[in-house]
Amino acid sequence: MSSPDPQVRAARNHSTSSALRGPVVAVTGAASGVGALLTERLAASDDVRQVIAIDERRGECAAAQWHILDVRDPAIADKLRGADVVVHLAVDLDLGTDPAARSAYNVRGTQTVLTAAAAAGVHRVVLCTSAMVYGALPDNELPLSEDAELRATAEATGVGDLLEIERLARRAPRAHPGLNVTVVRPAVLVGGTDTALTRYFESPRLLVVAGSRPAWQFCHVEDLCGALEYAVLEKVDGELAVGCEGWLEQEEVEELSGIRRMELPSAVALGAAARLHRIGLTPSPAGDLAYTMYPWVVSGSRLHEAGWRPQWTNEEVLAELLEEVSGRHTVAGRRLGRKDATAAGAAGATVALLGTAALVRRARKARRRL
């Protein structure tokens, strides 16, 4: 048998030596969502030597080395030995999770991973929060730089947890000298996600609060994985914001989506949202509305300076989001059944609001009967 072509042999040698030189990367939350996509991406990369996948169940990536455990278990330190980088994606932002249980999991999990990584000799931890930590405020610059002050409050879904994760990230290098922590903050994340912001586009009308100035910037999960890979390979570090180039005004969103607006005074919209959440009819607190009222667009300058570019535009991501939510119907963040959805779709925003009011009355009657 003839020997391989010299060019083929050189390519193989280069690939082998690159893999031997590359980092061993551990990914938490590796069985689903962004974690599963990143695990597959890193396992296929010639620049990564090995992927250690950690979750409470086994995922589908056969090329990864799997460890099944809860990230709050201190035994995770043993599973991280030999890893150069840890990407912590085991963060629960599910709208249906009890808020207290969600916070306990998110904060304790991040604390445990940071401590375990330092004990195992890991030199870099990559955390993923959200650009929501900058806060949605009427005086925000367009766009915000990575160094902008984090002015969010804990009034929106999961944002309190994300702010606490950010605080843990800042303290970790002082508590664990030699540990480098990189934080990645995506804009509105789209691609198999279910959040208060993606549910906004499931409504029969797009709620617009009078006097507000929305600006929409999206981030496709594939672009987020690309940014996380840049951080893993140490092409960039520090605090990173990631999203599509630029943003869409509300009028552009309405034109592209074909969904008309329903404009309400601020007091009415915020008051209704607070009451509906307080009696348990909607998963989203009133604080979520701020992110549909005011801008929180990010520049992503650090990633851009390192050579990273988004592969998706805001228009393309919005189109994918609309395709994903097609057939779902939500009013005030609450998913409707088929019968209610038909009524809302047929009669529009007026029936949707009356339906929500009826739900409030029904809940009050039920409480009086108790």
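Does Cys61 count as buried or exposed? Cys61 counts as buried, because its relative accessibility is 4%; buried means under 20% relative accessible area, exposed over 50% and partly exposed in between, with a 1.4 Å probe and protein chains only.

The model is predicted: local features need pLDDT of at least 70 and side-chain atom pairs count only at pLDDT 80 or more, whereas totals for chains, interfaces and linings use all residues. Residues are numbered from 1 along each chain as its sequence is written, and side-chain values use heavy atoms, with hydrogens and water left out.

**Cysteines**

- The count of disulfides is zero, a disulfide being a pair of cysteine sulfur atoms within 2.5 Å.
- Cys219 is in no disulfide, and the nearest cysteine sulfur, that of Cys244, is 6.6 Å away.
- Cys219 has a relative accessible area of 0% and is therefore buried.

**Aromatic pairs**

- The structure holds six aromatic pairs. Rings of Phe, Tyr and Trp (its six-membered ring) pair if their centres lie within 6.5 Å; planes under 30 degrees apart count as stacked, over 60 as edge-to-face and the rest as tilted.
- The pair of Phe201 and Trp216 is edge-to-face, because the ring centres are 5.1 Å apart and the planes stand at 70°.
- Phe201 lies in the loop between α6 and β8 (206-209) and Trp216 in strand β9 (residues 215-216), so this pair ties together parts that are 15 residues apart in sequence. Helices (H or I, at least four residues) and strands (E, at least two) are DSSP runs, numbered from the N terminus.
- Both partners are buried: Phe201 has a relative accessible area of 3%, and Trp216 is at 2% relative accessibility.
- Tyr200, Phe201, Trp216 and Phe218 are linked into a cluster by ring pairs.

- Helix α7 (residues 221-232) has 12 residues and reaches 16 Å from its first C-alpha to its last, close to the expected 16 Å; the expected span is 1.5 Å times one less than the number of residues.
- Of the 12 residues of α7, 11 are buried, including Asp223, Cys225, Glu229 and Tyr230.
- Glu234, which follows α7, has a positive phi near 60°.
- Helix α9 (residues 266-278) has 13 residues, which should span 18 Å at 1.5 Å a residue, and its end C-alpha atoms are 18 Å apart, which agrees.
- In α9 the buried residues are Ala269, Gly271, Ala273 and Leu276.

**Pocket and cavity**

- The largest pocket has a volume of about 1100 Å³. Among its 40 lining residues, Leu89, Val91, Asp92, Leu93 and Asp94 are the closest to its centre.
- α2 (33-43), β7 (188-190) and α6 (196-199) each give two or more residues to the lining of this pocket. The largest share, four residues, comes from α2.
- The pocket lining divides into 21 nonpolar, 12 polar and seven charged residues. Ala, Val, Leu, Ile, Met, Phe, Trp, Tyr, Cys and Pro count as nonpolar, Asp, Glu, Lys and Arg as charged, and the others, Gly among them, as polar.
- One cavity of 30 Å³ or more is found in the whole structure, and the largest cavity has a volume of about 40 Å³.
- The largest cavity is lined by Ala187, Val188, Ala215, Trp216, Gln217, Trp296 and Val297, of which six are nonpolar, one is polar and none is charged.
- On a 1 Å grid over the protein atoms alone, a cavity is a set of points where a 1.4 Å probe fits but cannot get out, and a pocket is an open set with protein on both sides within 12 Å along at least five of seven lines; lining residues have an atom within 4 Å of a point.

Note on methods: Grid points are joined across faces, edges and corners, and a volume is the space filled by probe spheres set on the points.
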